[in-house]
There are 2 protein chains.
Amino acid sequence: MKIAQTLESLPAGGFVFDLDGTLVDSAYQHAFAWQQALQIERLYLSLWHIHRHIGMSGALLTEQLLRLLGCEISTDRVERLQQHHAQAYKRLAATVELLPGALELLRSLRAARIEWIIATSGYRRTAEHDLGLLELAESAVVSRDDVQHAKPNPDVFLLAAMRLQLPPASIFVVGDSVWDMLAARRAGMFGVGLLSGGYGAEELERAGAARVYEDPADLLAHLHELGIRV
Amino acid sequence: MKIAQTLESLPAGGFVFDLDGTLVDSAYQHAFAWQQALQIERLYLSLWHIHRHIGMSGALLTEQLLRLLGCEISTDRVERLQQHHAQAYKRLAATVELLPGALELLRSLRAARIEWIIATSGYRRTAEHDLGLLELAESAVVSRDDVQHAKPNPDVFLLAAMRLQLPPASIFVVGDSVWDMLAARRAGMFGVGLLSGGYGAEELERAGAARVYEDPADLLAHLHELGIRV
């Protein structure tokens, strides 16, 4: 009897979704935007290198790209590159679409009264177009503007759990990048990887993804594997 | 004595290089070009799905994308999409650069009198800009124009070995895609994967890559692992 009472008091699980490459098909455009940002500074880095850094904090990413290039890392340069990137992404954003099943997944969870929120490493102003596609209210998003450190630090995910008023251990983090999985692990959350950002399944698993699905549509079709009833 | 004589008669190894994502940083532009080609036909497929098909025969790729979209596959449509792709890629090709170490790798092998040739699934006219970056003679390339079936069929690699006048078993195939590794295996060649096309290391290993390096520069720094002296 006592065990049954304890179980009843367990909160239902909640979802925290990454944005780029997870709900919207924008990971590749972000890679191109960073390459264009570097070109303005007369620097060149291969797209695969840039691609594998998408999803982490913009400042961390910029510093790491400059390190890979053997360049001097100054606060000025890092800020300038982030501005170039935001402008370049704005030009490319018109080609960005929702990933298959993104809206259906969010709607199905809502209909089943399962809480969710979006947590992105990007600034709200950069994510504007993508959030528009999802027809979301401001309150449904935790962004770079709300925390001191973005992914792979766990801050955005922990803040997201607070907004949902759920304990971290009851949260499923859904993301496409290794940085999502590392931050989820640090936050004590359950990582679910999606291939839709362009990483391989094994890369996500090695970073801590407990399950890997193709895209939001594939996750929706397999929610029962997470014990979620919709 | 007899063993020593046999060993002396073994031909030195030769290299067959894939082009896109292996020597030139063009895999992502090809993915975008296919997406644009689909858009002309009012179709949309996520970039990661397209990305994972780059490197295979254009006709096979087109048919598979249409299959994923649940569309009718007609010869007309497949040909039209390939033409759209070639035109879109031409517009994007100006942003394509050599991968780090590509020229140095080819030059080092030549200086060490180790034979190499390029084998691409693309048509020569599509690869024009990329081949220009490598400053290559026509004869240094086996392309889609030369064979009936491109990768993952082994034809381009087998023809490349014939051009080099080397037995397949002595050939190292260097490529960035799963389709290179599958074709290498079917040709009885030794597959070496590069991450520079955007696949994960484990994906390449599972498809048959015996070793995986980052890009041409990283391969050049580790040629000793293949028993190659330059």
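Where does A:Pro152 lie? A:Pro152 is in the loop that runs between strand 3 (141-142) and helix 8 (155-164) of chain A.

Before going on, a word on what we are looking at. This is a predicted model. The predictor assigns the complex an ipTM of 0.91 and a pTM of 0.94. For chain A the mean pLDDT is 94, and 95% of its residues reach 70 or more.

Back to the prolines. In chain B, B:Lys151 and B:Pro152 are likewise joined by a cis peptide bond, and here omega is about 10°. B:Pro152 sits in the loop between strand 3 (141-142) and helix 8 (155-164) of chain B.

Staying with the backbone of chain B, there are two arginines to point out. The phi angle of B:Arg42 is near 60°, which is a positive value in a residue other than glycine. You will find B:Arg42 in the loop between helix 2 (27-40) and helix 3 (47-51) of chain B. Is B:Arg42 buried or exposed? It counts as exposed, because there are 6 C-beta neighbours inside 10 Å, and the cut-off for exposed is 12 or fewer.

B:Arg113 is in the loop between helix 6 (102-111) and strand 2 (116-119) of chain B. With 8 other C-beta atoms within 10 Å, B:Arg113 is exposed too.

Next, helix packing. Two packed helices are described by the angle between their axes and the distance between the axes. Take chain A. Helix 4 (residues 58-68) and helix 5 (residues 75-92) of chain A have axes that come within 9 Å and cross at roughly 110°. Helix 4 and helix 5 of chain A are therefore roughly perpendicular to each other, as angles of 65 to 115 degrees count as such. Their crossing is right-handed. Which residues meet there? From helix 4 of chain A come A:Gly58, A:Ala59, A:Thr62, A:Glu63 and A:Leu66, and from helix 5 of chain A come A:Arg77, A:Val78, A:Leu81, A:Gln82 and A:His85. Sorted by class, this contact has four nonpolar, four polar and two charged residues.

Now a pair in chain B. Helix 2 and helix 5 (residues 75-92) of chain B pack at an angle of about 130°, and their axes are 8 Å apart. That makes helix 2 and helix 5 of chain B oblique to each other. The crossing of helix 2 and helix 5 of chain B is right-handed. Among the residues in contact are B:Phe32, B:Trp34 and B:Leu38 of helix 2 of chain B, and B:His84, B:Tyr89 and B:Leu92 of helix 5 of chain B. By class, the contact has 10 nonpolar, five polar and no charged residues.

Last, the contact between the chains. How many residues does each chain put into it? Chain A gives 20 residues and chain B gives 20 residues. On the chain A side, helix 2 (27-40), helix 3 (47-51) and helix 10 (201-206) each supply at least two residues. Helix 3 of chain A gives the most to that side, with three residues. The side of chain A that touches chain B is made up of nine nonpolar, six polar and five charged residues.

Technical notes
Residues numbered from 1 in each chain as written. Chains lettered and ligands numbered in written order. Predicted model: local features only at pLDDT ≥ 70, side-chain atom pairs only at ≥ 80, totals over all residues. Contact = placed C-beta atoms within 7 Å. Helix = DSSP H or I, 4+ residues; strand = E, 2+ residues; numbered from the N terminus. Nonpolar A, V, L, I, M, F, W, Y, C, P; charged D, E, K, R; others polar. Axes fitted to C-alpha atoms, helices over the stretch in contact; angles between N-to-C directions. Parallel < 35°, antiparallel > 145°, perpendicular 65-115°, else oblique. Left-handed = near helix turned anticlockwise from the far one by under 90°. Buried ≥ 20, exposed ≤ 12 C-beta atoms within 10 Å, placed from the backbone. pLDDT = per-residue confidence, 0-100.
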